[in-house]
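This briefing covers strands, nonpolar cores and salt bridges. Keep the structure open as you read.

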Amino acid sequence: MSKITVQNIEKSYGGEALFSGLSFEALPGMRLAVAGPNGAGKSTLLRILASRAEPESGSVVMSKGARVGYVAQELSGADLSEPLLGWVLSALPSWRDFWREWEEAVDARDEAKLHKLSDRQARFEAQYGYHPEHKARAILSGLGFRDEDLSRRLEHLSGGWRERAKLARVLLQGADILLLDEPTNHLDLEAVQWLEDYLLAFKGTLIFVAHDRVFLERVGSHVLVLGGAKPILRSGSFSDFLAWMAENAEQREREAAKITARIDHEQDFIRRFRVKARKAAQAQSKLKKVEKLQDELSRLKGDQLAARSGHRLSFRLPEPPRGDKVAVNVVDLEFSYAERQSAQLWPRLNFQIFRGRKIALVAPNGAGKSTLLKVLTGALAPTHGYAKLGNSTQLAYFSQHQTEILRPTGTVIAEMRRLCDPKCTEEQLMGVLGLFLLGESYFERPVAALSGGEKSRLVMASLFLGRANLLILDEPTNHLDLESREGLVAALKDYEGTLFMVAHDRYLMGEVAEEIWTLGPDGLVQHHEGFEDYDAKRRVALIEAKQGAKREAKKPECAPVAQDAEVEDGQGSKRLSKDEKRKLAEQRNALSRALKPLREEYAKCEKDLERVLLEQGELEAKMNDPATYESAGEALTVNNQYREVSDWAEKLMERMAVLEEKMTAVQADMGFCLDG
């Protein structure tokens, strides 16, 4: 049973404490979501748990032999030259070397070595599963990679796809303790859904940082919040935690009201009797009591202020001028990059965006969503057709790569004054900067001193005070913490203009988008319902597509094989000549040679399946034995093994079905069919 115990750890940065006296214990099956504002030390905590950083005091203790999975930040030059599948599999012991040793031992009839190799095989299978390559392919497919990507070198992948590859490698290792920092970054909807399902089935200990509200809600079983007066650890979902916080806030308000009433009562006594000699001593005693009550009230108000810290970020966008009924008109729009003119990113598009609509554009990575936004805003010229804005449409566009509009020598507050509507007040400028985590300490800081994420947030902050009546946003929640995302969602819900955005943040889409548009091989499809309805239909369609693929994989029918050296014609049977017999024998020999490797693999699969089904039966017996559940660790191990065995049995049967199809196809091509 692998667990991790954190005892009184302390860490500071720049002279300020990130956390102190932090203690908790994480057990198998626990999915701990670490939350808190940017700068609270969430990523630092994960680095400490992964032994990539040291606490200033305290200790982190893990169960002996526990395997820790943590996504490394950098790839080496040697890593980048590796093909994707090979690099992911390199995290595991080499099965190829194992089977080579096995074959050598079989040929040499070395029973002692075969016995040792059997023990090693059992350890490998228990630790990494029955078929690591299949598992690696399944993980890579779940994270959005296609079959043709598996042989590509990592150096040819974009930064986002490299991050997916690093995540896949960690998931394949089969860690007991999994540490994930923003794992949903760079993932599209299908990949996020796959990752959620994977982590919900994970039997080990999971500790993760995420700003995706839906991911937090679905995956987390416990919440650890950093950044307040002291860390808070609670069991339950993230919404359970928020409800608990709200209840605590109400309780503090009630306590504060009671203390205020007591202070008023005591002060009234003091005012009335302080000057009277007989009551002076009593009044003095009550004065000390009032001072203690005021200290308690200050503490409660401080707690209330900390609990409400997110609410100070809320703001309302200035009302934009009224625009045209049709904000954007698109006719016969096509685009392809110069280096691959023959490949259109999407089919010819025709659509209109009407005034006041709030639309989210959804598609897999690589479908051309961001490119479409650039064409709509005029940043790219279409190769055919046009995209035209209404005459009264005032556009504001945000992307992660727009920071070049900033002047490096200008200060943060000066750039806000330059880029925003001149009518904006200083209070509005400062309030929006606070929303985007660029508070007072940033106001006089030069733009050149900002990080890439800080520059992106500054650009977005300026857009929200430009009084544009059309906002086109490309992944607006990137680089924002949970509090700022909440503030952004509230602002966009109240926004009275037109909104067209590309986003993977399901909470943002669920709260703001009135329509979901999808972009794919068939062009643009408009779904005139909210995100929840669209997402439910999308999930059903995925399930139906998988079921349809299984039905298509059924064994095809074919004609029976002639069993002897006589053939039937329309008038009865006749004996074949020697030449015809020879030709028929050659055909059968050719068929035998073609089928031999397929039949050998089929026989091996049958043998493996027999062994796996036997083990499955033994595990089922253990699962039905009440003694198994006397130890939580034993029960988890048995259930995990049963899941692995069942998965491998299913894959073996799927492979056998594929082999049957191939053998049938070979025989059909050669004029024969399976003889049973």
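A salt bridge here is a side-chain nitrogen of Lys or Arg within 4 Å of a carboxyl oxygen of Asp or Glu. The side chains of Arg 485 and Asp 505 meet that rule, at 2.9 Å from N to O. The model is predicted. By the salt-bridge rule, the count comes to 25.

**Salt bridges**

- Arg 485 lies in helix α16 (residues 482–494). Its partner, Asp 505, lies in the loop between β16 (498–502) and α17 (506–512). The two are 20 residues apart, and the pair links distant parts of the chain.
- Is Arg 485 buried or exposed? Arg 485 is buried, and Asp 505 is buried too.
- Glu 334 and Arg 348 form a salt bridge through their side chains, at 3.0 Å from N to O. Glu 334 sits in strand β10 (residues 326–334). Arg 348 sits in the loop between β10 and β11 (349–354), 14 residues apart from Glu 334.
- Glu 334 has 15% relative accessibility, so it counts as buried. Buried means under 20% relative accessible area. Arg 348, at 43%, counts as partly exposed.
- Asp 176 and Arg 67 also meet in a salt bridge, at 3.1 Å from N to O. Asp 176 is in the loop between α7 (159–172) and β6 (177–181). Arg 67 is in the loop between β4 and β5 (68–70). They are 109 residues apart.
- Arg 67 has a relative accessible area of 24%, so it is partly exposed.
- Which residues are linked in a network of salt bridges? They are Glu 196, Asp 197, Asp 212, Arg 218 and Arg 506.

- Strands of a sheet pair through backbone hydrogen bonds, either parallel or antiparallel.
- Five bridges pair strand β1 (residues 4–13) with β4 in the antiparallel sense. Val 6 has Val 60 in β4 as its bridge partner.

**Strand β17 and its partners**

- Strand β17 (residues 515–520) is mostly covered, with five of its six residues buried.
- Strand β12 (residues 358–362) runs parallel to β17, and four bridges join them. Here Val 362 stands opposite Thr 518.
- Strand β18 (residues 523–527) pairs with β17 in the antiparallel sense, over five bridges. Gly 520 stands opposite Gly 523 in β18.
- How many residues does the hairpin that joins β17 to β18 pass through? The hairpin runs through two residues.

**Nonpolar cores**

- In soluble globular proteins, nonpolar side chains tend to be buried together.
- The largest nonpolar core has 47 residues. Those with the most contacts inside it are Met 416, Leu 433, Phe 436, Leu 458, Phe 464, Leu 492 and Met 501.
- Helix α15 (residues 452–463) gives the most to this core, with five residues.
- Which residues does Leu 433 touch, leaving aside its neighbours within four places in sequence? Leu 433 is in contact with Val 412, Ile 413, Met 416, Leu 438, Gly 439, Phe 443, Leu 458 and Ala 461.
- A second, separate core has 44 residues. Val 71, Phe 202, Phe 215 and Val 225 are among them.

Conventions
Residues numbered from 1 in each chain as written. Predicted model: local features only at pLDDT ≥ 70, side-chain atom pairs only at ≥ 80, totals over all residues. Heavy atoms only, no water. Pairing = 2+ DSSP bridges. Core = buried A, V, L, I, M, F, W, Y, C linked by side-chain atoms within 4.5 Å. Buried < 20%, exposed > 50% of the residue type's maximum accessible area, 1.4 Å probe, protein only. Contact = heavy atoms within 4.5 Å.
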